[in-house]
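Student: I have a model open on my screen and I'd like to learn how to read its features. Could you walk me through it?

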Amino acid sequence: MRIAILEDDLTQSEMLKWVLESVNHKCYTFATFKTFQTALYRDSFDLVLLDWVLPDNSGPKVMQWIRETMHIKVPVLFITSKTDEENIVEALNAGADDYMIKPIRRGELVARVNALLRRAYPELTAPEVFEIAGLEFHPKFSTIVRHTNRVVMTQKEFDLALLLFRNLGKPLSRSHIQEAVWGRDTDLPSRTMDTHISRVRSKLSLKPEDGFRLTPVYGFGYKLEQVDADGKSKDFNAIRKQLEQGA
């Protein structure tokens with residue numbers, strides 16, 4: 001998963017990154033709120049680690065900004081040296097999902113991050129098959145069945161479709177998509193991704209009249225939504241619940 005670490009202490013930031021990347025997460029570090037804010041206009045993340053004191057803002061205010069600005073509720077874990085109950089309550093009331101006190105213990109950090117990710121993205125734990133709107137995903141066999149018919153797809157097309165459906169309603173940046181489907185270090189021509197998006201849209205009939213809308217987000221990436229008969233986006237939380245029940 002892609003994790004943003006907002007921490008101005010370089011030693012602490014690198015330690016957090018090292019621990020989480022050792023268990024196969026991909027981390028991006030930011031020393032100021034401004035650099036993090038800029039990054040969000042061109043990239044997407046699955047979880048945020050947030051320090052309480054920053055050079056250009058406070059953790060609780062950044063927390064409020066995240067909740068007010070980001071369309072999808074990304075889990076946030078506060079990491080701080082503050083131990084007062086009133087500070088913990090302030091962080092949680094601002095919208096934090098969990099709270100850790102420095103010094104950070106590596107095993108506990110990994111456990112808390114993974115627990116937050118499981119709660120926030122229950123569909124990721126779907127073991128063999130999950131189903132939504134007439135589509136059956138079989139990750140073990142890289143297969144999609146649509147209305148009882150197997151859809152013929154390449155491995156990359158399947159991986160892309162699975163990523164999009166596991167993030168229904170969430171805008172995904174181009175770098176997020178590239179990293180998840182093609183790998184971190186691949187030199188991918190932009191046209192390659194667009195072509196694959198077009199093929200997935202066509203093969204799975206991701207059109208409003210069939211209940212879905214897959215659209216580019218200008219200067220950012222792509223977004224897959226489930227829509228009603230009038231082309232309006234369906235409630236994202238209801239979709240999440242549907243996926244969770246199918247897990």
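Predicted model: local features only at pLDDT ≥ 70, side-chain atom pairs only at ≥ 80, totals over all residues.

Student: Fine, salt bridges first. How many salt bridges are there?

Tutor: The general idea is that side chains of opposite charge can pair when their charged atoms come close. Here, the count comes to 15 salt bridges. One of them joins the side chains of E179 and R2, with 3.1 Å from N to O. That pair links distant parts of the chain: E179 is in helix α7 (residues 174–181), R2 is in strand β1 (residues 2–6), and they are 177 residues apart.

Student: Are E179 and R2 buried or exposed?

Tutor: E179 is buried, and R2 is buried as well.

Student: Which residue does K170 meet in a salt bridge?

Tutor: K170 pairs with D46, at 2.9 Å from N to O. K170 sits in the loop between α6 (155–166) and β12 (172–173), while D46 sits in the loop between α2 (33–40) and β3 (47–51), so this pair ties together parts that are 124 residues apart in sequence.

Student: Why do K170 and D46 get the label they get for burial?

Tutor: The cut-off for buried is under 20% relative accessible area. K170 has a relative accessible area of 4%, so K170 is buried. D46 is at 3% relative accessibility, so D46 counts as buried too.

Student: And what about R67, which residue does R67 form a salt bridge with?

Tutor: R67 bridges to D97, and the closest N and O atoms are 2.8 Å apart. R67 is in helix α3 (residues 59–69) and D97 is in the loop between α4 and β7 (98–101), so to read this one you look at distant parts of the chain, 30 residues apart. For accessibility, partly exposed is the band between buried, under 20%, and exposed, over 50%. R67 has 22% relative accessibility and therefore counts as partly exposed. D97, at 27% relative accessibility, also counts as partly exposed.

Student: So far these are pairs. Which residues are linked in a network of salt bridges?

Tutor: That would be D98, R105, E108 and R112. Click on those four together and follow the links from side chain to side chain.

Student: What about charges that gather on the surface? Which residues make up the patch of negative charge?

Tutor: For a patch, you look for like charges rather than opposite ones, on residues with no salt bridge. In this model, D84, E85, E86 and E90 gather in a patch of negative charge on the surface. D84 is in the loop between β6 (76–80) and α4 (85–93). With 45% relative accessibility, D84 counts as partly exposed.

Student: Now a polar contact. Which side chain does H25 contact?

Tutor: The side chains of H25 and N114 are joined by a polar contact of 3.0 Å. To find H25, go to the loop between α1 (10–21) and β2 (26–30). H25 has a relative accessible area of 7%, so H25 is buried.

Student: On to the backbone. Where is the cis peptide bond?

Tutor: For this feature you read omega. The cis peptide bond joins K102 and P103, with omega at about 0°. P103 lies in the loop between β7 and α5 (106–120).

Student: And phi? What is the phi of H147, and of T148?

Tutor: H147 has a positive phi of about 50°, although H147 is not a glycine. T148 has a positive phi of about 70°, and T148 is not a glycine either. You'll find H147 in the loop between β10 (143–146) and β11 (149–151), and T148 lies in the loop between β10 and β11. T148 counts as exposed because its relative accessibility is 74%.

Student: Last one: how do I compare distance along the chain with distance in space?

Tutor: Pick two residues, then set their sequence separation beside their C-alpha distance. N57 and K34 are 23 residues apart in sequence and 8.9 Å apart in space. N57 lies in strand β5 (residues 57–58) and, at 24% relative accessibility, counts as partly exposed.

Student: What separates S173 and F45?

Tutor: They are 128 residues apart along the chain, and their C-alpha atoms are separated by 8.8 Å. S173 lies in strand β12, and at 0% relative accessibility S173 counts as buried.

Notes: Residues numbered from 1 in each chain as written. Heavy atoms only, no water. Patch = residues over 30% accessible without salt bridge, like charges linked within 9 Å, V, L, I, M, F, W, Y side chains within 5 Å. Areas by Shrake-Rupley, 256 points an atom, 1.4 Å probe, with all protein chains shown as cover. Salt bridge = Lys/Arg side-chain N within 4 Å of Asp/Glu carboxyl O. Lys, Arg positive; Asp, Glu negative; His and termini not counted. Charge placed at Lys NZ, Arg CZ, Asp CG, Glu CD. Helix = DSSP H or I, 4+ residues; strand = E, 2+ residues; numbered from the N terminus. Buried < 20%, exposed > 50% of the residue type's maximum accessible area, 1.4 Å probe, protein only. Polar contact = N/O pair within 3.5 Å; in protein donor to acceptor, adjacent residues only side chain to side chain.
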